Amino acid sequence: MPNFYNQTRAASSLMRRLKRSLTALPRPRYFTTTEGHRPTLVHKRSLDILHDPWFNKGTAFSMTERDRLDLRGLLPPNVMSSDQQIDRFMVDLKRLEVQARDGPSDPNALAKWRILNRLHDRNETMYYKVLIANIEEYAPIVYTPTVGLVCQNYSGLFRRPRGMYFSAEDRGEMMSMVYNWPADQVDMIVVTDGSRILGLGDLGVQGIGIAIGKLDLYVAAAGINPQRVLPVMIDVGTNNEKLIKDPLYLGLQQHRLDGDEYIAVIDEFMEAVFTRWPNVIVQFEDFQSKWAFKLLQRYRNTHRMFNDDVQGTAGVAIAGLLGAVRAQGRPMIDFPKQKIVVAGAGSAGIGVVNAARKTMARMLGNNETAFDSARSQFWVVDANGLITEERENIDPDALPFARRINEAGRQGLREGSGLAEVVRQVQPDVLLGLSAVGGLFSKEVLEALKGSTSTKPAIFAMSNPTKNAECTPEEAFKIVGDNIIFASGSPFRDVDLGNGRIGHCNQGNNMYLFPGIGLGTLLSGSRIISDGMLQAAAERLAAYMTEEEVLKGVIFPPISKIRDITKEVAAAVVQEAVEEDLAEGYRDIDARELQKICQDQDEVLEYVQNNMWSPEYPTLVYKKD
């Protein structure tokens, strides 16, 4: 089972990190902005520049640049600012939203995605400027929930290749193939095999849409340079019979490789990308549970990689669970007292429970007794009901959380007890949904939660996309009552409770953590992504909200603050990497200098800020090859 939080780091306590998150020792230092306004050398001119989204500025090319790059006469004469370009685009966007729809079956969100994607295809700088300026509106378009719909329809939406495709047919060729990518430097790869896209199942090669969307957020939230990101699809076939029979499907129309053949393909891919780009970070995304844990354990101690579904979801959930304790008016150190019923025993569900158990154990002393005591705070329910030691053919990853027979019996429960019965008997502080089963938190289940011993029970309906959410906030507040904490994986509107009261819907989106984990790892130069670095990221997110906010039931910040949140999370990751002696530095900042920077909270935040790319048009200078 994956070890999410490094037990050898016992001395690095939760409270010390939180204190460090909130204090700063002012000592001014200055750093060169490495992602600032530097002239960019290009090896193309004329129409070639206009057809290259990395360098195209459209009508924003100055007259000097038009002369220098042979563009005079190829553009309308009026030079426009980037703000004017955005104004024009937004007017067109609002006008075209309805016109871009392919009939009544094409929802408005997909129409927005089409228009944004066209902008992405012709002008990357402007695309990210629009995305960052309107992140609350467009994050749900380029990422969950709309990206799920995009993936389902990707064969029909495909217009222009983006990213790389490594397939089972490419075995033995990947080491040479990787040099077909034009960028000499890649900082971030998001890779999927399309086997478990969100809660939509096996979408095969169409799953590349999730890798593209994820990297859009790495750029928008973390300021990773878009010329140094790479979405990747590893196509080993599909077990989706509909796709196998679809003549328009773009992927391999064969059943998935399995066993050693499957591992051999992933191994070859990892060797290829790390040979060409030794310092790249690889995020695994939407691999089926069967492989998610195994691949994480296979590579995590030797490569700069992590699995967002397992580790990112766990980190965001931990931050939310700690926030829920604060919202109940209790100190975070009371977290080990929380009774948590978990619906879902897949990679995400078990990943969260494992991480929460280790967090509790750290607070209780981080020894074997504490670890065993923390286990008793969880009741895990899957499609077959409550998991106990009587379960036949139990998943090895779920085994540590199987209830002992005598424990279950004392609570009036048994192997296979239904979710409503478990909630009724346990009276939990938290009902946590990671099942990918829409509506699982039925009226009966929510009615049962009214018997919670907590004065403010928490409901986490974390499954994506929206249709897979275990319940809606309206259902939760209506059935359980006003005095609850609600969080979801996909965005929902707040609920009007009447008399000026608001039922806050907190979106526990992985977007709060994965950009900062990636950026912090990049800027630290850490050799691996350790459990401590992931823990530091979660704790910094948990500490981000003020006491006044959490007492109102607001446990996650607004998406509009995502750049600042990512900066804070990345700083925490850098500091932890330095503390664990994993950091090797970045660019002209070596490990010793980084250690000095990390002694001051303001300095490390400045260091992170100065290395975040912003979508500003650079000055282009032509140079012959």
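**Figure 1. A polar contact to the side chain of Glu 268.** The backbone nitrogen of Glu 173 lies 3.3 Å from a polar atom of the Glu 268 side chain. The structure shown here and in the following views is a predicted model. Glu 268 belongs to helix α13, which covers residues 259-276. Although Glu 268 is buried, this residue has no salt bridge. The nearest side chain of opposite charge is that of Arg 171, at 6.6 Å. When neighbours within four places in sequence are left aside, Glu 268 is in contact with Asp 170, Arg 171, Gly 172, Glu 173 and Met 174.

Figure 2. With a relative accessibility of 1%, Val 273 counts as buried, because the cut-off for a buried residue is under 20%. Residues up to four places away in sequence are not counted here; beyond them, Val 273 touches Val 178, Ile 189, Val 280 and Val 282. A separation of 9.1 Å is found between the C-alpha atoms of Val 273 and Tyr 179, two residues that are 94 residues apart along the chain.

**Figure 3. The buried residues of helix α14.** Helix α14 consists of residues 289-299. Within this helix, Trp 291, Ala 292, Phe 293, Leu 295, Leu 296 and Tyr 299 are buried. These buried residues pack against two strands, β5 (281-284) and β6 (305-307). They also pack against the helices α13, α15 (308-327) and α16 (347-363).

**Figure 4. Ala 317 in helix α15.** Ala 317 lies in helix α15. The relative accessibility of Ala 317 is 2%, and the residue therefore counts as buried. Between the C-alpha atoms of Ala 317 and Phe 55 there is a separation of 39 Å, and the two residues are 262 residues apart along the chain.

**Figure 5. The packing of helices α6 and α7.** Two packed helices are described by the angle between their axes and by the distance between those axes. Helix α6 (residues 124-133) and helix α7 (residues 135-142) pack at an angle of about 115°, and their axes are 6 Å apart. On the side of α6, the contact is made by Tyr 127, Val 130, Leu 131, Ile 132 and Ala 133. On the side of α7, Ile 135, Tyr 138, Ala 139 and Val 142 take part. Of the residues in this contact, 9 are nonpolar, none is polar and none is charged.

Figure 6. The structure holds 37 salt bridges. One of them joins Arg 256 to Asp 193, with the closest N and O atoms 3.8 Å apart. Arg 256 is located in the loop between α12 (241-245) and α13, whereas Asp 193 is located in the loop between β3 (188-192) and α11 (208-222), so the pair ties together parts that are 63 residues apart in sequence. Both Arg 256 and Asp 193 are buried.

**Figure 7. Further salt bridges.** The side chains of Asp 382 and Arg 391 form a salt bridge with an N to O distance of 2.8 Å. Asp 382 is partly exposed because its relative accessibility is 22%, whereas Arg 391 is buried, with a relative accessible area of 14%. A salt bridge also links the side chains of Lys 552 and Glu 548, with an N to O distance of 3.8 Å. Lys 552 and Glu 548 are both exposed.

**Figure 8. Lys 567 in helix α25.** Helix α25 comprises residues 562-579 and contains Lys 567. The relative accessible area of Lys 567 is 17%, and this residue is therefore buried. Apart from its neighbours within four places in sequence, Lys 567 is in contact with Leu 605, Val 608, Gln 609 and Met 612.

**Figure 9. Gly 438 in a loop.** Gly 438 lies in the loop between strand β10 (430-433) and helix α20 (443-449). Its relative accessible area is 39%, and Gly 438 is therefore partly exposed. Residues up to four places away in sequence are not counted here; beyond them, Gly 438 touches Lys 467, Asn 468 and Ala 469. The C-alpha atoms of Gly 438 and Met 305 are separated by 31 Å, and these residues are 133 residues apart along the chain.

Conventions
Residues numbered from 1 in each chain as written. Predicted model: local features only at pLDDT ≥ 70, side-chain atom pairs only at ≥ 80, totals over all residues. Heavy atoms only, no water. Helix = DSSP H or I, 4+ residues; strand = E, 2+ residues; numbered from the N terminus. Buried < 20%, exposed > 50% of the residue type's maximum accessible area, 1.4 Å probe, protein only. Lys, Arg positive; Asp, Glu negative; His and termini not counted. Salt bridge = Lys/Arg side-chain N within 4 Å of Asp/Glu carboxyl O. Polar contact = N/O pair within 3.5 Å; in protein donor to acceptor, adjacent residues only side chain to side chain. Contact = heavy atoms within 4.5 Å. Axes fitted to C-alpha atoms, helices over the stretch in contact; angles between N-to-C directions. Nonpolar A, V, L, I, M, F, W, Y, C, P; charged D, E, K, R; others polar.
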